[in-house]
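Subject: Structure handover

Hello,

Here is the structure we spoke about.

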Amino acid sequence: ALTDTLGEVRGFVFLDTSMASVDNVAARNVRNAYAILLGIIFVIALLLVRQAKVVDYAVLYRKLKDVDQMKDDFVSMAAHELRTPLSVIKGYLSMISPERLTDTDKEGISRVNISVENLNSLVGDILDVVKMDQGRIRFDMKEIDVSDIVAEVADSLQSLAKEKNLTLSFVRSSISHIYADPVRLKQALINIVGNAIKYTPQGNVSVMATEEGERVSIRVRDTGIGISAEDQRKLFGKFLRIRSKETEDIRGTGLGLWITAQIVSGMNGKISVESIKGKGSDFILSFPVATP
């Protein structure tokens with residue numbers, strides 16, 4: 001009954017249904033339940049398949065990791081074993097008396113020495129790469145005078161520069177100390193200055209250390225072949241070598257700059273390059289000033 005506010009009946013509402021409509025509603029609900037159940041089963045099946053693939057990927061990852069470790073161990077062992085015969089060769093070469101040799105013999109001995117040094121340097125690079133990939137390289141950080149390290153490197157490479165009739169110069173200046181590993185810093189500078197000499201056919205190579213604000217910068221400048229803007233973007237990649245007519249006769253593995261970048265980064269430093277093709281290059285190593 002429909003009543004008004006006074007309670008008087010104003011009308012009636014009649015509801016009519018049947019068992020057929022009730023059965024239809026029940027059947028529709030059953031169909032929906034089956035559809036939801038099938039959907040759940042399908043999702044569970046997908047999850048099981050995905051889980052099986054994840055397990056396969058995990059097993060494959062472990063196998064690849066083991067193979068990679070075996071590769072690194074083999075390369076490290078082979079590199080160490082190579083150094084033994086190299087040391088023996090260098091030892092016997094040092095025992096040869098130059099007074100009894102002809103000019104031809106002296107030239108041959110010199111070439112053998114150069115080849116031994118190149119191979120020894122390559123072995124060292126390979127060992128460094130393996131250590132860096134495995135995260136086993138360590139830095140003995142201490143407060144050092146950059147000028148002393150740079151002067152030592154410049155002196156050690158003077159003979160190499162003279163062989164190419166290049167001028168290698170370094171002007172000592174008074175700058176703040178930095179925190180770095182002196183051995184690793186020397187290694188990085190030898191790579192940079194050595195490359196500058198290698199890729200400079202004529203002119204000069206200069207090294208300068210300056211202090212700007214809270215950072216000390218070491219700039220290695222050459223008048224060499226230069227580097228294009230495109231090559232500069234990928235210069236510090238592993239095994240990267242710039243291929244051109246000017247570099248086709250210059251030997252190298254493409255590891256030196258990558259190793260140098262890793263060393264500089266490991267000592268909280270930065271490395272960058274400024275270069276113009278055909279004009280020369282500037283490599284800049286920057287480190288924070290050592291604070292008391």
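Two strands count as paired if DSSP finds at least two bridges between them. Helices (H or I, at least four residues) and strands (E, at least two) are DSSP runs, numbered from the N terminus. This is a predicted model: local features need pLDDT of at least 70 and side-chain atom pairs pLDDT 80 or more, while totals for chains, interfaces and linings use all residues. Residues are numbered from 1 along each chain as its sequence is written, and side-chain values use heavy atoms, without hydrogens or water.

Sheet: five strands form an open sheet in the order 4-6-7-9-8, with mixed pairing. Strand 4 (167–170) and strand 8 (270–276) each have a single partner strand, so one side of each lacks a neighbour in the sheet. Strand 4 runs parallel to strand 6 (residues 204–212), joined by four bridges. Thr-167 is opposite Asn-204 in strand 6.

Helices: helix 5 (residues 182–198) lies across strands 4, 6, 7, 8 and 9, at about 25 degrees to strand 7 (215–222). Angles run from 0 to 180 degrees between N-to-C directions of axes fitted to C-alpha atoms, for helices over the stretch in contact (heavy atoms within 4.5 Å). Helix 7 (residues 256–266) lies across strands 8 and 9, at about 140 degrees to strand 8.

Regards
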